[in-house]
Amino acid sequence: MEDEVDRLVAAWRRERPDLDVEPLEVLSRVSRLARHLDRARRIAFAEHQLEPWEFDVLTSLRRAGAPYQLSPGQLLTQTLVTSGTMTNRIDRLTKKNLVERLPDPNDRRGVLVRLTDLGRDKADQSLAGLLDQERAILGELSRRQRAELAGLLRQLTAPFDNVPG
């Protein structure tokens, strides 16, 4: 079975035989797959009237376990955005009644962000929709192939995810 990357690589080998284009065989596929995954995620989230960033914040809180709350700083760490962006996101989610701000009992000046019942329902429903989309994307692979691919991708991503600071 040939794909678009095979055609791209063949063209580069013809046009630039002096270059080793082998990395394209893996990373161009990863890049194309990321675009397909982004499209599938947007579809899954739109079915639940959520934007991808809303899903990220809501599911960060949901994964925290009961009582489904985190400090804004903890949310920053999990979602990799600036503090100003996170403040804006919390404001917008509060207006939609998906999260609420509460005083932090351990810090008089601090706040905690907690999922509302509606926010928890949206997180749960959108996660289920996302998993349906992702299962469809992986449908051509056996369980063993999925495990092998996950391990190989982990090898590539772990150095980026474990950089100090």
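These legends describe close-up views of a predicted model. Local features need pLDDT of at least 70 and side-chain atom pairs count only at pLDDT 80 or more, while totals for chains, interfaces and linings use all residues. Residues are numbered from 1 along each chain as its sequence is written, and side-chain values use heavy atoms, with hydrogens and water left out.

**View 1. The largest pocket.** The volume of the largest pocket is about 1,100 Å³. A pocket is an open set of points on a 1 Å grid over the protein atoms alone, where a 1.4 Å probe fits, with protein on both sides within 12 Å along at least five of seven lines. Lining residues have an atom within 4 Å of a point, and a volume is the space filled by probe spheres set on the points, which are joined across faces, edges and corners. The largest pocket is lined by 29 residues, and Arg29, Val30, Leu33, Leu149 and Leu153 are the closest to its centre. At least two lining residues come from each of α1 (4-15), α2 (22-46), α6 (117-137) and α7 (143-161); α2 gives the most, with 10 residues. Helices (H or I, at least four residues) and strands (E, at least two) are DSSP runs, numbered from the N terminus.

**View 2. The second largest pocket.** This pocket has a volume of about 220 Å³. Among its 15 lining residues, Phe55, Thr59, Arg63, Leu127 and Leu130 lie nearest the centre. Helices α3 (52-63), α4 (72-79) and α6 each supply at least two residues of the lining.

**View 3. The paired strands.** Strand β3 (residues 107-115) runs antiparallel to β1 (residues 69-70), joined to it by two bridges. Two strands pair if DSSP finds at least two bridges between them. Leu70 has Val113 of β3 as its bridge partner. Six bridges join β3 to β2 (residues 99-104), and these strands also run antiparallel. Val99 stands opposite Leu115 in β3, and a hairpin of two residues joins β2 to β3.

**View 4. The packing of α2 and α6.** The axes of α2 and α6 are 9 Å apart, at an angle of about 145°. Axes are lines fitted to C-alpha atoms, for helices over the stretch in contact, and angles run from 0 to 180 degrees between N-to-C directions. The contact (heavy atoms within 4.5 Å) includes Leu33, His36 and Leu37 of α2 and Ser126, Gly129 and Leu130 of α6.
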